[in-house]
Amino acid sequence: WMQTSPVGLFLLSLSVAEALQCRAVPGSLKQIDAGAGRVCGVDNADNLVSYQGNSWVSLAMKGKHVSVGPAGLWSVSLASLVFKQLRGRWIQVQPGSLIQIDAGGDKFVVGVNAANSIFCLNRGPVLQYAGQGNIPWIPVMGSLKYYSCGPFGCWGVNRLDQIFVKLDVSGDACKGSDRWYPIQGFLSLMEVGSDGSVYGVNRNGVVFKRLGVDACNPFGRSWLTLKAAGVARHVSYDRGILWVVARDGQVQRCQV
């Protein structure tokens with residue numbers, strides 16, 4: 001499923017490292033996700049939390065992954081079951097078994113399961129599902145351990161930390177084209193912001209930003225190394241702020 005790209009299109013060029021202007025945020029997290037003006041995360045006790053007024057407020061749910069964005073607030077439980085928040089309460093999405101979920105696309109949802117299989121949900125079911133009946137997950141060809149979408153395409157990494165981009169993805173066609181475009185470099189996870197910004201973390205905990213991503217060039221042109229405090233574990237970006245979770249759980253709020 002890994003097709004070759006046109007020669008020269010994705011030449012890797014590392015830009016000079018850029019130091020981030022960051023300040024520590026109270027609390028300790030394992031995972032974080034920012035989107036649609038909200039910031040949510042998973043704390044060290046597996047509680048799902050929301051950032052409000054410089055503190056973390058409980059979302060009355062335990063889980064391993066949470067995502068907030070144009071598609072709403074979604075989570076994966078400790079048992080890998082999928083939940084959607086509807087009018088302030090969590091409803092289980094049937095069927096559904098994922099380890100990572102992303103609500104950052106244009107009102108569609110994507111995710112991967114423990115076998116690295118990829119799934120997505122079109123906008124209609126995402127907005128209409130209220131807990132009754134089965135939800136129509138669409139299998140996506142390929143194998144990824146982390147998958148995230150934005151307005152210009154979806155980015156993912158596989159078990160070997162190789163990076164891929166999928167185009168022609170929309171709210172009514174969450175599956176996109178069958179083609180995967182390889183991007184040079186290696187990342188262990190990556191997050192796409194709702195404005196199309198692409199950030200990632202490699203296995204050494206170094207944070208990267210993809211430069212030049214836009215509607216005309218959805219692949220971007222090069223990676224910029226970002227210097228943040230400590231060794232990063234997770235990142236997420238929304239509305240000019242990059243949220244960085246260090247391996248020790250410390251959370252940084254960085255101006256981009």
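All six of the six residues of strand E23 (residues 241-246) are buried, so the strand is largely enclosed by the rest of the structure. Buried means under 20% relative accessible area, exposed means over 50%, and partly exposed lies in between (1.4 Å probe, protein chains only). Strands (E, at least two residues) and helices (H or I, at least four) are DSSP runs, numbered from the N terminus.

The model is predicted: local features need pLDDT of at least 70, side-chain atom pairs count only at pLDDT 80 or more, and totals for chains, interfaces and linings use all residues. Residues are numbered from 1 along each chain as its sequence is written, and side-chain values use heavy atoms, with hydrogens and water left out.

In a regular strand, side chains alternate between the two faces of the sheet. In E23, Ile241, Trp243 and Val245 point one way. Leu242, Val244 and Ala246 point the other way. Residues on both sides are buried.

E23 pairs with strand E22 (residues 232-238) in the antiparallel sense, over six bridges. Two strands are said to pair if DSSP finds at least two bridges between them. Asp238 stands opposite Ile241 of E23. The hairpin of E22 and E23 has two residues between the strands. There, Arg239 takes a positive phi near 50 degrees.

On E23 there is also a pairing with strand E24 (residues 250-255). Five bridges join these strands, which run antiparallel. Leu242 has Cys254 in E24 as its bridge partner. Three residues lie between the strands in this hairpin, where Gly249 takes a positive phi near 95 degrees.

Strand E11 (residues 109-112) was examined next. Val109 and Gly111 point one way from E11, Val110 and Val112 the other way, and all are buried. E11 pairs with strand E10 (residues 100-102) in the antiparallel sense, over three bridges. Gln100 stands opposite Val112 in E11. Six residues lie between the strands in the hairpin of E10 and E11. Lys107 takes a positive phi near 65 degrees in that hairpin.

E11 also pairs with strand E12 (residues 118-121), in the antiparallel sense and over four bridges. Val110 stands opposite Cys120 in E12. The hairpin of E11 and E12 has five residues between the strands, and Asn116 takes a positive phi near 70 degrees.

Gly88 lies in the loop between strand E8 (81-86) and strand E9 (89-97). Its relative accessibility is 62%, so Gly88 counts as exposed. Gly88 and Leu73 are 15 residues apart in sequence. In space, Gly88 and Leu73 are 9.8 Å apart, C-alpha to C-alpha.

Values for the whole chain complete the description. The protein chain has one helix and 24 strands. Its C-alpha trace spans about 50 × 40 × 30 Å along the principal axes. The radius of gyration, taken over C-alpha atoms, is compared with a globule rule of 2.2 Å times the number of residues to the power 0.38. For 256 residues a compact globule would have a value near 18 Å; the protein chain has 17 Å, which agrees.

Buried residues make up 52% of the 256 residues. Contact means heavy atoms within 4.5 Å. Among contacts between residues at least 6 apart in sequence, 51% join residues at least 24 apart.
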